[in-house]
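Please look over the model below before reading on. The points after it are meant to be checked against the sequence and the coordinates.

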Amino acid sequence: MLSLFGQGHSFDPRKDIPSLAGRVILVTGGNNGLGKETIKQLAMHNPTKIYMGARNAGRAEEAILDIKREVPSANIVFLEMDLASFASIKQAAELFLSTNDRLDLLINNAGIFAAPPGLTEDGYEIQFGTNYMGSALLTRLLLPILTKTASTPGADVRVVNISSEIYRNAPKAGILLSQVKTPLTKISTVARYGHSKLANIYFAKSFAQRFTNITSVALHPGLVQTNIGGGMTANRILSFIFQLFTSVASVDVATGALNQLWASVADPAEVKSGAYYIPFFKKVERMGIESDMEKAEELWQWTEQEFKEHGF
């Protein structure tokens, strides 16, 4: 269980997050759970602006008001996006690029878990398409402003990708590229989730190799008391077990957000680009499927071709 929950830590966001003055931040899935907590903690340290990526405007505005009750000075802007839609991601990226001249921190936090079998509107298995393809496309479209920011004096640009130890439930063959445009009903809903989370790890590693002036990491937040399992309608028995397990064994949201907060702001010498971290702040040194750079490269090249075919 320690791989899920981690051990003791000494990181205190209120004291250990440095001043973020002048920085622009984007957090996807920011209207609840880990994303909302991450935005709140970062907002306490005076960034120029934080964008809250979310699908629902009403819920986002409610979350922003909630955060501002604790941090009245917070400059938080709602950015509408649905990671299951390339058109929505493109629109969000274009709006961001048209209104900003820098991006210091991108936290790819949004995701879905154990959704019923289905496809995104662009034709990918729903969890792979949302958790991986959506985040990868957003990062790709924001790459010009990320690299521009990274070229400025004193810059510290980071892309933080939320993965999960459930990547271990991915198929032993790795990413099923020949089948990701199907609902993947031959594997379990948890395996489909792990499949998408393995892709997040591969993306972080491949990105780090290509863009050496941007820190790119993947991480597991731990088992956290969020509503990520709320949509687990594919298997009611699994949903009951998951909810029961998280009610007695998980950490609260404030603790769950620590790994991504640390990866976002800790000393650059401590946060290794291309690494995968588990709670708390522990770099994974395994030599399993998550370290297979041939498979990671294959996924990167396949993804680039998919984006090209969609006009990106």
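1. Basis of the notes. This is a predicted model, in which local features need pLDDT of at least 70 and side-chain atom pairs count only at pLDDT 80 or more, while totals for chains, interfaces and linings use all residues. Residues are numbered from 1 along each chain as its sequence is written, and side-chain values use heavy atoms, with hydrogens and water left out.

2. Overall content. The chain has 12 helices and 8 strands; helices (H or I, at least four residues) and strands (E, at least two) are DSSP runs, numbered from the N terminus. Of its 312 residues, 57% count as buried, where buried means under 20% relative accessible area, exposed over 50% and partly exposed in between (1.4 Å probe, protein chains only). Contact means heavy atoms within 4.5 Å. Among contacts between residues at least 6 apart in sequence, 79% join residues at least 24 apart.

3. The sheet. The 8 strands form an open, mixed sheet in the order β3-β2-β1-β4-β5-β6-β7-β8. Its edge strands are β3 (76–80) and β8 (282–283), each pairing on one side only. Two strands are taken to pair if DSSP finds at least two bridges between them. Strands of a sheet pair through backbone hydrogen bonds, either parallel or antiparallel.

4. Two pairings in the sheet. β1 and β2 are parallel, with 5 bridges, and Val24 stands opposite Lys49 in β2. At the other place examined, β7 (residues 276–278) and β8 are antiparallel over 2 bridges; here Tyr277 has Lys283 of β8 as its bridge partner.

5. Burial of β2. How many of the residues of β2 are buried? The count is 6 of 6. Lys49, Tyr51 and Gly53 point one way from the strand, and Ile50, Met52 and Ala54 point the other way.

6. Helices across the sheet. Helix α3 (residues 33–43) lies across β1 (24–28), β2 (49–54), β3 and β4 (105–108), and runs at about 175 degrees to β2. Helix α6 (residues 126–141) lies across β1, β4 and β5 (158–162), at about 165 degrees to β4. Axes are lines fitted to C-alpha atoms, for helices over the stretch in contact, and angles run from 0 to 180 degrees between N-to-C directions. In α3, 9 of the 11 residues are buried, among them Leu34, Glu37, Ile39, Lys40 and Leu42.

7. Aromatic pairs. There are 17 aromatic pairs, counted for rings of Phe, Tyr and Trp (its six-membered ring) with centres within 6.5 Å; planes under 30 degrees apart count as stacked, over 60 as edge-to-face and the rest as tilted. The rings of Phe113 and Tyr193 have centres 4.5 Å apart and planes at 75 degrees, so this pair is edge-to-face. Phe113 is in the loop between β4 and α6 and Tyr193 is in helix α8 (residues 189–210), 80 residues apart. Both residues are buried. One aromatic cluster includes Phe86, Tyr124, Phe128, Tyr132, Phe203, Trp300 and Trp302.

8. Cavities. The whole structure has 2 cavities of 30 Å³ or more. On a 1 Å grid over the protein atoms alone, a cavity is a set of points where a 1.4 Å probe fits but cannot get out, and a pocket is an open set with protein on both sides within 12 Å along at least five of seven lines; lining residues have an atom within 4 Å of a point. Grid points are joined across faces, edges and corners, and a volume is the space filled by probe spheres set on the points. The largest cavity holds about 50 Å³, and its lining includes Arg23, Asp104, Asp156 and Arg158.

9. A pocket. The second largest pocket has about 180 Å³ of space. Of its 15 lining residues, Lys205, Gly274, Lys283, Val284 and Ser291 lie nearest its centre. The largest share of the lining, 3 residues, comes from α8.

10. Asp16 is in helix α2 (residues 13–16) and is partly exposed, with a relative accessible area of 36%. Leaving aside neighbours within four places in sequence, Asp16 contacts Ser10 and Phe11. Ser135 is in helix α6 and counts as buried at 5% relative accessibility. Not counting residues up to four places away in sequence, Ser135 touches Leu83, Asn108 and Thr130.
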